[in-house]
Every structure is written in C-alpha cells, then in structure tokens.
Amino acid sequence: MKGVVYKSTGSWYLVKTAEGKVYNCRIKGKFRMKGIKSTNPVAVGDKVEFDLEETGDDVFGVIKTIEERDNYIIRKSVNLSKQTHIIASNIDQAFLLVTLNNPPTFTTFIDRFLVTAEAYHIKTILLFNKIDTYTPEETDEIKYLAALYRNIGYECIGISAKTGKNIDKVKEMMIGKTSMFSGHSGTGKSTLINALEPSLDLKTSQISAQHKQGQHTTTFAEMYDLSFDARIIDTPGIKGFGVVEMEKEELGNYFPEFFAVKQDCKFHNCLHIEEPKCAVKEGLENGTIAWSRYKSYLQIMSGEDEQQYRVDNYS
Ligand code: GDP
Ligand code: ZN
C-alpha cells in the first residue's frame with residue numbers, strides 16, 4: 001500500500017492513502033534512508049510504501065520504503081552531536097508573509113529565507129500582508145519591495161488576511177499542492193489560514209507560537225488537507241529556515257540575479273567582493289542589482305547574525 005505521512009510522533013506515523021484512508025504505521029528494526037543521516041528516518045510529507053500487519057485486534061502498517069524526496073527541510077540540534085532532524089519533505093512551495101510594521105520584516109530576513117529556500121529547492125511566494133493598514137508612503141514602500149523581488153523572479157502578492165483581499169489568488173496558487181507558511185510571529189499566518197479555511201480549527205499557537213524548546217526536544221510538523229484540494233504543512237516554531245550550511249562559493253548561486261550574471265565575472269570563482277571586473281558589482285553600479293540584496297549577501301557571507309536593515313537605508 002502507498003500513502004503520504006501526515007503526522008509523526010517519532011515512533012508512530014499517520015499515513016494517508018490516495019483514497020483518504022488513514023493508517024497508523026511504524027518502522028521495524030534498523031530502517032535507514034539512503035543518503036542523509038537523520039534522527040528521524042521518516043518525515044511528514046514522505047511518500048511511503050507499507051504493509052498491513054495484525055496483532056490481535058490491532059491493525060497497523062509497517063513502512064517498507066520511502067520514495068526519493070523532492071526536497072526536505074532540516075533542523076540541526078544545537079547540542080554537540082549536531083544531529084540532523086528532518087522537519088518535513090516534498091514541499092511544493094513556501095509563502096513568506098511580510099509586513100512593514102507590526103512586526104517589521106527586514107530585507108535581510110527575507111533574503112536569508114530566500115537563500116535557504118533556493119538551497120532547499122523550495123519555490124517561494126512573497127505575501128505582503130496587512131495592505132489594509134498602510135499609509136500611502138508605506139504602500140509605496142511595499143510596491144518598491146514587490147518590484148524588487150519580482151524583478152528577481154519571485155512572485156509577490158499584496159493581501160489582507162483580515163479583509164480577504166487577494167485571498168482568492170493565494171487559494172488558486174495552492175490547488176493541488178503542498179504549501180507552507182512562514183514569516184515573523186504576528187505577520188498574520190494564522191489569520192490567513194483561517195481565511196483560507198475557516199473550518200480548519202488550527203489554533204493560532206499551532207501555527208505561529210514561538211515554541212520554547214529545550215535542547216533535546218524536537219518538534220514535529222503536521223500536514224493538513226484543505227477543502228479545495230490543497231495541503232498545508234504546519235511547522236511549529238519555524239518563522240524562517242535559518243541559513244543552511246554552504247560553501248562561500250555556493251552562496252552566490254542562491255541569489256538568482258547574481259547567478260544570472262556570474263558568467264560575466266572575470267574570475268569563474270568570483271565571490272563578488274574584492275575581485276576586479278565583477279558583473280555583480282557592475283549590476284550594483286548600473287542599478288540592475290539591488291544594494292539591499294548585496295548587503296544581505298555580504299552579511300550571510302561573513303557569518304554574522306542577522307543585522308536589521310530596511311530597504312530604504314539604501315534607496
Ligand atoms: P501569526 O503570528 O503570524 O499567526 O499572526 P496572527 O494571524 O496571529 O496575526 C497577528 C495580528 O495581526 C492579529 O491581531 C491579526 O488580527 C492581525 N492581522 C493579521 N492579518 C491582518 C491583516 O491583513 N490586516 C490587519 N489589519 N490585521 C491583520
Ligand atoms: Zn563577481
């Protein structure tokens with residue numbers, strides 16, 4: 001039998017078949033996925049094959065194989081062992097909620113999210129929420145930001161989770177797909193999900209609480225079916241992805257507008273910092289590449305913690 005993992009407790013997995021039947025499944029003995037080593041061999045979103053077994057009145061599934069994952073997001077434990085935990089897999093797209101105020105979302109945060117999403121191969125759509133609250137000046141700032149990110153290739157939609165403005169557009173983009181919603185706490189994730197699916201009784205805390213975690217606790221994602229052929233993955237406590245570990249030379253590949261001009265840099269391994277005849281720096285000079293993006297690039301490159309800059313520091 002085949003199905004998709006909707007929930008995991010670490011030892012039990014809820015697996016849903018295409019017909020909508022849900023089975024309690026477990027793994028037996030040493031079950032290891034090829035490739036990545038993780039503390040959890042099976043993650044929410046995994047497509048699995050399982051056999052049914054019976055012990056007395058109890059019927060449960062035993063997971064035999066996992067289909068190769070299209071993508072997955074991980075969290076490394078902060079203790080010394082630095083073990084990898086797979087939070088979720090097979091995510092079609094991430095919606096990043098952005099607000100100017102209450103709370104402010106800085107471009108450095110957006111860019112870190114996008115870099116990691118690129119590295120994870122997860123398509124990201126920027127949702128500028130709370131457009132019902134902005135002054136004309138703030139609306140201009142949103143338009144500036146949306147143009148900046150659209151130019152790079154990211155879809156941007158101005159929405160109001162509160163008034164329902166453009167929620168239909170979000171809905172349309174979700175059909176047939178598995179989506180996740182991210183953004184700072186307070187940007188409106190739970191309000192948006194309630195607007196998309198009023199009957200889905202997801203408590204605000206489930207979607208957006210800042211889970212205070214001990215070093216050894218892991219959090220588990222959960223998948224939900226919505227009424228309009230869409231699925232969402234709720235990843236507790238994940239406002240962003242953090243930045244995945246990568247080589248310095250790799251970072252520029254995850255800024256699509258840098259990657260696009262890279263072949264015009266004099267040096268093929270150009271880091272776009274000190275090198276002469278750098279196409280990225282030329283792009284900054286002639287205005288085709290945004291300074292805010294470059295600033296984020298340098299910040300991530302240097303390994304600094306996120307410094308908060310606003311785009312209007314550069315414009
Ligand atoms: P979360 O932490 O990301 O889940 O954010 P919430 O959904 O809890 O929203 C935080 C606050 O912002 C709540 O008071 C919401 O009512 C409010 N809010 C969310 N979306 C909008 C919006 O589009 N317009 C306005 N005016 N308020 C909103
Ligand atoms: Zn360069």
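## The shell around ligand 1

Helix H4 gives the most to the shell around ligand 1: three residues. H4 spans 189-196, and both H4 and helix H5 (204-208) supply at least two shell residues each. Helices here are DSSP runs of H or I with at least four residues, strands are runs of E with at least two, and both are numbered from the N terminus.

This is a predicted model, in which local features need pLDDT of at least 70, side-chain atom pairs count only at pLDDT 80 or more, and totals for chains, interfaces and linings use all residues. Residues are numbered from 1 along each chain as its sequence is written, chains are lettered from A and ligands numbered from 1 in the order in which they are written, and side-chain values use heavy atoms, with hydrogens and water left out.

There are 17 residues around ligand 1, and Asp 132, Gly 186, Lys 189, Ser 190 and Thr 191 come nearest. A residue is near a molecule if one of its heavy atoms lies within 4 Å of it. By type, the shell holds twelve polar residues, four charged and one nonpolar. Asp, Glu, Lys and Arg count as charged; Ala, Val, Leu, Ile, Met, Phe, Trp, Tyr, Cys and Pro count as nonpolar; the others, Gly among them, count as polar.

## Backbone contacts to ligand 1

Backbone N or O atoms also approach oxygen atoms of ligand 1. For Lys 189 the distance is 2.8 Å. For Ala 161 it is 2.9 Å, and for Gly 188 it is 3.0 Å. The protein buries 76% of the 580 Å² that ligand 1 exposes when taken alone. Such areas come from the Shrake-Rupley method with a 1.4 Å probe.

## The zinc site

Ligand 2 is a zinc ion. Its donors are Cys 265 (SG), Cys 270 (SG), His 272 (ND1) and Cys 278 (SG), at 2.1 to 2.4 Å. A donor is an N, O or S atom within 2.8 Å of the metal (3.2 Å for Na, K and Ca); water is not among the atoms, so sites may look incomplete. In sequence, the donor residues follow the spacing C-x4-C-x1-H-x5-C.

The four donor atoms subtend angles of 104 to 115°, so the arrangement is tetrahedral.

His 272 sits in the loop between helix H7 (256-259) and helix H8 (279-286). His 272 counts as buried because its relative accessibility is 3%. Cys 278 is buried too, because its value is 4%. Buried means under 20% relative accessible area, exposed over 50%, and partly exposed in between (1.4 Å probe, protein chains only).

Most residues other than glycine have a negative phi, and most peptide bonds are trans. His 272 has a positive phi, near 60°. Asn 166 has one as well, at about 65°. Asn 166 lies in the loop between strand S10 (155-158) and helix H3 (167-174). Asn 166 counts as buried because its relative accessibility is 17%.

A cis peptide bond joins Asn 102 and Pro 103, with omega about -5°. Pro 103 belongs to the loop between strand S8 (93-98) and helix H1 (107-120).

## Thr 288

Thr 288 is in the loop between H8 and helix H9 (291-302). At 62% relative accessibility, Thr 288 counts as exposed. Thr 288 and Asn 151 are 137 residues apart in sequence, but 9.1 Å apart in space, C-alpha to C-alpha. A polar contact is a pair of N or O atoms within 3.5 Å; within protein, one must be able to donate a hydrogen and the other to accept it, and residues adjacent in sequence count only if both atoms are side-chain atoms.

Note on methods. Tetrahedral: all angles 85-135°; square planar, octahedral: opposite > 155°, others 65-115°.
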